[in-house]
Amino acid sequence: MKLAFPREEATLRVTSLLAFIALWQVAAWFMQSSTLPTPTVVCTRVYEEVISWVLPRHLGITLWRVVISFVLAMLIGTIVGIAMGRSRRLDLLLDGWLILGLNIPALVTIILCYVWFGLSDTTAILAVAINKIPTVIVTVREGARAVDRDLLQVAKAYRLSFWTTLFRVFLPQLYPYFMVGARSGLSLIWKIVLVVELLGRSDGIGFQLNMFFQMFDIAGILAYTLVFAAIVMLVEIAALRPLEQRLTRWRG
Amino acid sequence: MLEIEINRKAYPDRGGRVHVALSDLSLRVKRGELVCIVGPSGCGKSTLLNVISGLDHDVDGVVTMGGVVPQHGIGFMFQEPRLMPWLTVLENVMLVARSDEARQRARELLTAMELGDVLHAYPGSLSGGMQRRVALARAFVIDPSLLLMDEPFVSLDAPTANRLRNMLITLWQRCNTTVVFVTHDLREALSLGDRVCFLSGAPGQLVLDLPIDLPRPRSADDAAVLALQSKLLQEHPELLAGLASNKSAEENPQ
């Protein structure tokens, strides 16, 4: 259904959010248990954690790891994906590795990375990137295979330079695939970064969540989760969606 | 002078067998001349253009222009407009020539072709005729010394195609461009060309080289063009079977 006004859309989104909070509140009242604190308790906790600078510090470290491993995974995945999409030989050569990479459980990669390369930040970022790279490759390879040869022929006939061909003719055809890769990539990386932190770092959201778990501090867990979810939403609204609109403007 | 000497051009077809597309083809085009190449579908007309443009290097033969292999300044118009859908009309034209003069020239060309109102529109929102006008502007913005055209006006309705042909002739006369225009429509060839060259079915060979002395401007509906067409059909029925524009030209007659 197409909505007539942006205002209507905003109303629906806010209503849905309020309904969620209301449900949560009702459930907490009924259960009257320390395992499900009310929204008010959680929000107070968020406030305390923020003004004490504990949450911002850990959040900053986690975001930093997310950004680095995301950029790394997109970069390597894109280059390898294009190469595999364009070269049949390379595709056959690496396809087996790719299937292996896609199917190894994240936990195995993380454990092995820590064992082999030591408990360091570099290892943590590497482990996350390794988990993500295969899915980027698969998406970008699909795009590179679907590239329109006719348009590349135009570039060749008019003797366009390599860089002009790359940025004005070739890559724009892959933008939709980048967007898919970036979306699924971010959601995967958010999740894996926490596991990596839980297993082998002494800071970051994952580490904090583990601490709260040990102390059975549910309000703490929910407070961190809430902030984290808010950040993810913010990235979607402030970065991914405008970027997508910009890149696919011509379809309008 | 554009000189084309092709001894043999072959490529493997889908079944893996060798398909000889062109053989013993020798063609000279004077500077500023508009030559139409006519032949049945599948006779290697598009292959010939790909060889001339350098898109296809795998050939036993040479193509030179003024004594050297043509590198820059080649315009190419394909059967489909082949515009970049993510670039605006102006950006599409500017894609092949990026300088301030080119920008000025692109605007002038597009305005002269009545596309001044859609400079910043995307090709997806334009009609087929308009998209082809943009492609024609793109071909002329580089001020080409050689322009290759591969049945560029097929699948357009007659008035739109005629309008585009007139635009082509206007630009060609202004720019003194050498044009090689491939078509399977005999009447189109007769109405456009200084010369019409007939290719046989595959492997394509030059079978008739006919100067056209009809005065310009001409159109595909002129009595003189129609008379010439019927005269040719009478004199060379076996050669031209299936090429008259009111008959299906999709079948290879040989």
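Among the contacts in chain A that link residues at least 6 apart in sequence, 72% join residues at least 24 apart. This chain belongs to a predicted model, and the predictor gives the complex an ipTM of 0.86 and a pTM of 0.83. Chain A has eleven helices and zero strands, so its pattern, taken as DSSP runs along the sequence, is α-α-α-α-α-α-α-α-α-α-α. Its C-alpha atoms fill a box of roughly 70 × 55 × 30 Å along the principal axes. Of the 252 residues of chain A, 29% count as buried.

One helix pair in chain A can be followed in detail. Helix H9 (residues 175-200) and helix H11 (residues 218-247) of chain A have axes that come within 10 Å and cross at roughly 170°. Because an angle over 145 degrees counts as roughly antiparallel, H9(A) and H11(A) are roughly antiparallel to each other. On the H9(A) side the contact is made by Tyr175(A), Met179(A), Ala182(A), Arg183(A), Leu186(A) and Trp190(A). The H11(A) side contributes Val232(A), Val235(A), Leu240(A), Glu244(A) and Leu247(A). By class, this contact of H9(A) with H11(A) has nine nonpolar, no polar and two charged residues.

Chain A also meets chain B: 13 residues of chain A are in contact with 15 residues of chain B. On the chain A side, the elements that give two or more residues are helix H7 (149-157) and helix H8 (162-170). H7(A) gives the most, with six residues.

Chain B has a mean pLDDT of 86, and 94% of its residues reach 70 or more. Residues 245-254 of chain B are a stretch where pLDDT stays under 50. The model has 23 contacts beyond four places in sequence for that stretch. Where pLDDT is low, the predicted coordinates should not be read in detail.

A helix pair in chain B shows another arrangement. Helix H4 (residues 128-141) and helix H5 (residues 158-175) of chain B pack at an angle of about 10°, with their axes 11 Å apart. Since angles under 35 degrees count as roughly parallel, H4(B) and H5(B) are roughly parallel to each other. From H4(B), the residues involved are Gly129(B), Arg132(B), Arg133(B), Leu136(B) and Phe140(B). They meet Thr160(B), Leu164(B), Met167(B), Leu168(B), Leu171(B) and Cys175(B) in H5(B). The residues of this contact divide into seven nonpolar, two polar and two charged.

Beyond its neighbours within four places in sequence, Val35(B) is in contact with Val29(B), Val179(B), Val180(B), Phe181(B), Gly193(B), Asp194(B), Arg195(B) and Cys197(B). In soluble globular proteins, nonpolar side chains tend to be buried together.

Several loops of chain B deserve a look at the backbone. Most residues other than glycine have a negative phi, and most peptide bonds are trans. Arg82(B) is not a glycine, yet has a positive phi of about 50°. Arg82(B) sits in the loop between strand E5 (74-77) and helix H2 (89-95) of chain B. With 19 other C-beta atoms within 10 Å, Arg82(B) is partly exposed, because the count for a buried residue is 20 or more. Asp143(B), also not a glycine, has a positive phi of about 50° and is found in the loop between H4 and E6 of chain B. Asp143(B) has 14 C-beta neighbours inside 10 Å and therefore counts as partly exposed. The peptide bond from Arg216(B) to Pro217(B) is cis, with omega near -5°. Pro217(B) lies in the loop between strand E9 (206-211) and helix H7 (223-235) of chain B.

The loop between strand E6 (146-150) and H5 of chain B holds Asp157(B). Asp157(B) counts as exposed because it has 9 C-beta neighbours inside 10 Å. Asp157(B) and Ala106(B) are 51 residues apart in sequence, and their C-alpha atoms are 26 Å apart in space.

Definitions and conventions. Residues are numbered from 1 along each chain as its sequence is written. Chains are lettered from A and ligands numbered from 1 in the order in which they are written. This is a predicted model: local features need pLDDT of at least 70, side-chain atom pairs count only at pLDDT 80 or more; totals for chains, interfaces and linings use all residues. Two residues are in contact if their C-beta atoms, placed from the backbone, lie within 7 Å. Helices (H or I, at least four residues) and strands (E, at least two) are DSSP runs, numbered from the N terminus. Axes are lines fitted to C-alpha atoms, for helices over the stretch in contact, and angles run from 0 to 180 degrees between N-to-C directions. Angles under 35 degrees count as roughly parallel, over 145 as roughly antiparallel, 65 to 115 as roughly perpendicular and the rest as oblique. Ala, Val, Leu, Ile, Met, Phe, Trp, Tyr, Cys and Pro count as nonpolar, Asp, Glu, Lys and Arg as charged, and the others, Gly among them, as polar. pLDDT is the predictor's confidence in each residue, from 0 to 100. A residue is buried if 20 or more other C-beta atoms lie within 10 Å of its own, exposed if 12 or fewer, and partly exposed in between; C-beta atoms are placed from the backbone.
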